[in-house]
Amino acid sequence: MSRDVAEAEPDRSAIPVEPAVLGSLLDAPEPRAEAGVGLGVWRMETARFGDHELELGAGWLDEAERERASSYVRAELQRAYVLAHAAARLVVGATTDTPPEKVVWGRHACPGCGEPHGRPRAEGAPVEFSLSHTPGQVLIAVADVPVGVDVERHPDDPVALAGLLHPRETDEISAAAHGTLDGGRATVRFTRAWSRTEAYLKGIGIGLGRDPHLDYLGTDDAPGRTIGPWVVRDVAVPEGYGAAVAVLG
C-alpha cells in the first residue's frame with residue numbers, strides 16, 4: 001500500500017532537529033538533544049577524529065563488526081565504518097549506563113517476514129536506536145520509541161537517481177533541474193527526499209525491502225511532516241549533505 005501526499009503533509013511549524021555534536025570518543029556524549037519522545041540525535045564529523053581514537057573505537061567492536069569493517073576495500077570507507085559503529089556504542093552505552101565495548105547488538109523481527117533482520121537494537125536496553133553514515137558524516141539517534149535516521153551526501157547527478165523515488169518526487173527533482181520549480185536545487189531536493197524516505201523505512205524496520213517508489217515524503221524545504229503514525233523531521237547538517245530522522249509518533 002502506498003502513502004501519498006495527503007498522508008505526508010508538511011508540518012510547516014516544525015523546525016529541523018539540531019543534533020548534538022560528538023567531538024570525541026574519549027568523553028561521554030552530551031545529553032539527548034530533543035524532548036517529547038526522549039529523542040536524541042548526535043552528529044560526528046569523521047575528519048576530526050585521529051588515528052588514536054580510531055584505534056580506541058576499533059577495540060570496542062565485536063567480531064561481526066570487525067569482519068564487516070575489513071570487507072571494505074577503500075580505507076576511507078573502512079575508517080568511516082569503524083568510527084560510526086564505535087560512536088553508536090558510545091552513545092547507546094552512555095544512554096544505558098553500559099561500557100561501549102559491552103553493548104551487544106541484535107535485531108528486531110522484520111515486519112515483512114518475521115525473521116530477525118529488522119531494525120537494529122541493543123540487547124537488553126530499554127531504548128531504540130538508529131545509525132547512518134556517509135563519507136564525512138555520521139548520525140546516531142536514540143529514542144524511547146522506534147526511530148530511523150539517515151544522512152546522505154549530495155549526488156553528482158540527482159536526475160539520474162530520481163527515478164528511485166516516488167513518482168511525484170521524481171517529477172519535482174526533474175522540474176528543479178530544468179529551472180521550472182523554485183525552492184531548492186535538484187541535488188538538495190533529491191537528498192531531502194531520499195534521506196526522509198530512508199529514515200522512515202529504517203524506522204519501520206524494513207529498509208529498502210520496501211520500494212521507495214511507494215511513499216511520498218516530498219522534496220520541499222518544510223522540515224517536518226507526518227506519514228501514517230510517523231513523524232519525519234529534517235536534521236541540520238553541513239552544506240553538501242541532507243539528513244532526516246523518523247520517529248513513531
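**View 1. Glu76 and Arg74 form a salt bridge.** Glu76 is partly exposed, at 40% relative accessibility, and Arg74 is also partly exposed, with a relative accessible area of 49%. (Buried means under 20% relative accessible area, exposed over 50%, and partly exposed in between, with a 1.4 Å probe and protein chains only.) The closest N and O atoms of Glu76 and Arg74 are 2.5 Å apart. A salt bridge is a side-chain nitrogen of Lys or Arg within 4 Å of a carboxyl oxygen of Asp or Glu. The structure holds eleven salt bridges. This is a predicted model, in which local features need pLDDT of at least 70 and side-chain atom pairs count only at pLDDT 80 or more, while totals for chains, interfaces and linings use all residues. Residues are numbered from 1 along each chain as its sequence is written, and side-chain values use heavy atoms, with hydrogens and water left out.

**View 2. Helix H2 packs against helix H3.** H2 covers residues 63-70 and H3 covers residues 75-96. (Helices, H or I with at least four residues, and strands, E with at least two, are DSSP runs numbered from the N terminus.) The axes lie 8 Å apart at an angle of about 155°, so the helices are roughly antiparallel. (Axes are lines fitted to C-alpha atoms, for helices over the stretch in contact, and angles run from 0 to 180 degrees between N-to-C directions; those over 145 degrees count as roughly antiparallel.) The contact (heavy atoms within 4.5 Å) includes Glu65 and Arg68 of H2 and Tyr81 and Arg89 of H3.

**View 3. Arg89 and Glu65 form a salt bridge between two helices.** Arg89 lies in H3 and Glu65 in H2, 24 residues apart. Their closest N and O atoms are 2.9 Å apart. Arg89 is buried at 1% relative accessible area, and Glu65 is buried at 3%.

**View 4. Strand E9 pairs with E8 and with E10.** Two strands pair if DSSP finds at least two bridges between them. Strand E8 (residues 224-227) runs antiparallel to E9 and is joined to it by four bridges; here Ile227 stands opposite Trp230. E9 and E10 (residues 241-248) are antiparallel over five bridges, with Arg233 opposite Val245. In E9 (residues 230-234), four of the five residues are buried.

**View 5. Two glycines take a positive phi in the hairpins of E9.** Gly228 belongs to the hairpin of E8 and E9, with two residues between the strands, and its phi is near 60°. In the hairpin of E9 and E10, six residues separate the strands, and Gly240 has a phi near 100°.

Conventions:
Parallel < 35°, antiparallel > 145°, perpendicular 65-115°, else oblique.
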